[in-house]
Amino acid sequence: METSSNSSPEENASHPHHNIKLRPATMDDAEMLLQWRSDPDSIKNSLKQSPPPSLDHHKAWLQAVIDSPTVDMVIATVGDTAVGTVRLERGVVSITIAPEHRGHGHGSSMLRELCERYKDRVLTAAIRGHNIASQRIFEKNGFHVTYIMTDQQNAGIVLFYARPSCPSL
């Protein structure tokens with residue numbers, strides 16, 4: 001979508017990434033989430049970097065996540081289109097953007113929405129050193145590096161980010 005320099009604030013507000021909505025994940029999302037999880041870039045950027053699970057194993061995991069009182073997993077949508085997911089588990093944020101929707105500002109919008117929901121909670125994230133896009137998303141939303149660790153198992157650097165609380169946006 002193109003915007004002209006003469007566009008009004010209302011027109012700019014209609015840009016797709018300004019209309020992110022978060023809805024609870026359901027079992028109907030299982031295959032889509034597994035597809036996103038199986039994307040080579042998602043695997044490369046994951047802390048565990050394990051091969052994708054079987055659909056049955058993934059469904060069992062998703063059901064446990066949905067039933068868990070310590071996990072909030074949401075699907076980010078723009079209109080009727082799912083563009084990513086955010087999982088908050090014991091204060092740790094994990095974001096996955098659908099491969100075809102990367103690079104459009106959705107990650108930052110998703111994190112901003114999550115921060116608004118949990119503005120009174122400390123939020124943290126662990127991000128691989130080579131995952132510059134995720135680092136930028138979190139830094140743009142006020143997270144700061146609190147610790148850097150070498151991951152001996154996966155031979156890489158992991159940066160730990162934290163944000164004491166999220167101000168009203």
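Guide: Happy to. Let's start with D41, which forms a salt bridge with K44, their closest N and O atoms lying 4.0 Å apart. Please keep in mind that this is a predicted model. D41 and K44 both belong to helix 3 (residues 40-45), and because they are three residues apart there, about one helical turn separates them. D41 is partly exposed, with a relative accessible area of 39%, and K44 is partly exposed too, at 42%.

D41 has another partner: its side chain also meets that of R102 in a salt bridge, at 3.9 Å from N to O. This pair links distant parts of the chain, since R102 sits in the loop between strand 4 (92-97) and helix 5 while D41 is in helix 3, 61 residues apart. R102 is partly exposed, with a relative accessible area of 29%.

D72 is partly exposed at 21% relative accessible area, and R117 is partly exposed at 41%. Back around D41, salt bridges with shared partners join D39, D41, K44 and R102 into one network. The model has eight salt bridges in total.

Helix 5 has a helical neighbour as well. Helix 5 (residues 106-117) packs against helix 6 (residues 132-140) at an angle of about 40°, with the axes 9 Å apart. That angle makes the two helices oblique to each other, and helix 5 passes helix 6 in a right-handed crossing. At the meeting point, G107, S108 and L111 of helix 5 touch I137, F138 and K140 of helix 6.

One more arginine is worth a look for contrast. R163 lies in strand 7 (residues 156-163). R163 is buried but has no salt bridge, the nearest side chain of opposite charge being E116, 8.6 Å away. Leaving aside neighbours within four places in sequence, R163 is in contact with C115, R121, V122, L123, N141, G142 and F143.

Terms used:
Residues are numbered from 1 along each chain as its sequence is written. This is a predicted model: local features need pLDDT of at least 70, side-chain atom pairs count only at pLDDT 80 or more; totals for chains, interfaces and linings use all residues. Side-chain values use heavy atoms; hydrogens and water are left out. Helices (H or I, at least four residues) and strands (E, at least two) are DSSP runs, numbered from the N terminus. Buried means under 20% relative accessible area, exposed over 50%, partly exposed in between (1.4 Å probe, protein chains only). Lys and Arg count as positive and Asp and Glu as negative; His and the chain ends are not counted. Contact means heavy atoms within 4.5 Å. Axes are lines fitted to C-alpha atoms, for helices over the stretch in contact, and angles run from 0 to 180 degrees between N-to-C directions. Angles under 35 degrees count as roughly parallel, over 145 as roughly antiparallel, 65 to 115 as roughly perpendicular and the rest as oblique. A crossing is left-handed if the near helix is turned anticlockwise from the far one by less than a right angle, and right-handed if clockwise.
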